[in-house]
Amino acid sequence: MNFPLQVADYAVDYSHFGNVFMLGNGKGGVGKTTLTANAAAKTARQGLPTLAIDVNGQGNMHRDLGYGEQDQGKSFAESMASGAPLLPLEGVRQNLDVVVGGIEVRKINGIVTDVARNDGFMAAYLRLAVCLAPILPRYKAVFIDTPPENPDLLRLCLLAARYAVVPVKYDAASLDDGLKDFGQAFQMAVQLNRQLRILGVAHCFSQRNATNIHKEIEKRSRKVLGKHAHVFPQAVGHSSTMAGLIRDRGQTAYELEQERKAGAKGIPDSAQPLANDYEVLVTQIFQRAAEMRTAA
């Protein structure tokens, strides 16, 4: 049996994916999910219809945004199995919908294998793009949270995005191994998704004003991803208390800071600088995307 060899034969037109951002690193615990949640919530708060996609078997985005486990990714896996359009959970915030993740998402690896066996590897790795394409007109921004240590799903997400943001923290696992895994997946994906670009590396979870650490992250990121790799100037600090509150309450750093300013008890002063970190970093992400569009 002969299979089509062009991306367009799978009804994937990458000119329509210009506002799709994926956040990826080969390692976990580097801030992908929390940055995805904060970016999506900020974009929705600005009045733009926004979609977040949780491609993670742990489904931790529900903790950051407070919508509960729902179907634990069952609808997501069913769409991927059939090739049908994704069915988001609507109204998680005003202007914000979510494709729910969870334990059922772990079936997607097997689904990709089955599709590859039956229809070829191109069909398999384009599956998320195929399922996302029909609903893209509904959204002005889409953010994809990717799983760690899962090269197949990382490639799947890269082939459904225009821009990649690479969160890292200051350790060898994310800066060396994680970036290397991401870079290998990117090199494969860009062969099919010619519009795919790495927006930059996002430095997360260091002490605030850790200038020397930030410089070291720039150095090591460029060593792995190339000498022109962009590192966003804004780093995201860390507060253990805030990290716990965000997931206990299902609210973003910005939302907790607004409650603190309104007089709510139990929210530490560290909410303000952390909220500002995310707000500035997300703004820089969009500014970088605009610059790259202009330069294209």
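Me: A pocket is an open set of points on a 1 Å grid over the protein atoms alone, where a 1.4 Å probe fits, with protein on both sides within 12 Å along at least five of seven lines. How much space lies in the largest pocket?
Reply: About 520 Å³, a volume being the space filled by probe spheres set on the points. This is a predicted model, where local features need pLDDT of at least 70. Residues are numbered from 1 along each chain.

Me: What makes a residue part of the lining of the largest pocket, and which are the closest to its centre?
Reply: Lining residues have an atom within 4 Å of a point.

Me: How large is the second largest pocket, and which element gives the largest share of its lining?
Reply: The second largest pocket has a volume of about 210 Å³. Its lining has 15 residues, with Phe186, Gln187, Ile198, Leu225 and Ala229 the closest to the centre. Helix 8 gives the largest share, six residues.

Me: Why are Ala253, Glu255, Leu256 and Glu257 of helix 11 called buried?
Reply: Buried means under 20% relative accessible area (1.4 Å probe, protein chains only), so each of these four falls under that cut-off.

Me: What do the buried residues of helix 11 pack against?
Reply: They pack against helix 1, strand 3 (89–93), helix 10 and helix 12; contact means heavy atoms within 4.5 Å, and a strand is a DSSP run (E) of at least two residues. Just after helix 11, Gly263 takes a positive phi of about 105°.

Key. This is a predicted model: local features need pLDDT of at least 70, side-chain atom pairs count only at pLDDT 80 or more; totals for chains, interfaces and linings use all residues. Side-chain values use heavy atoms; hydrogens and water are left out. Buried means under 20% relative accessible area, exposed over 50%, partly exposed in between (1.4 Å probe, protein chains only).
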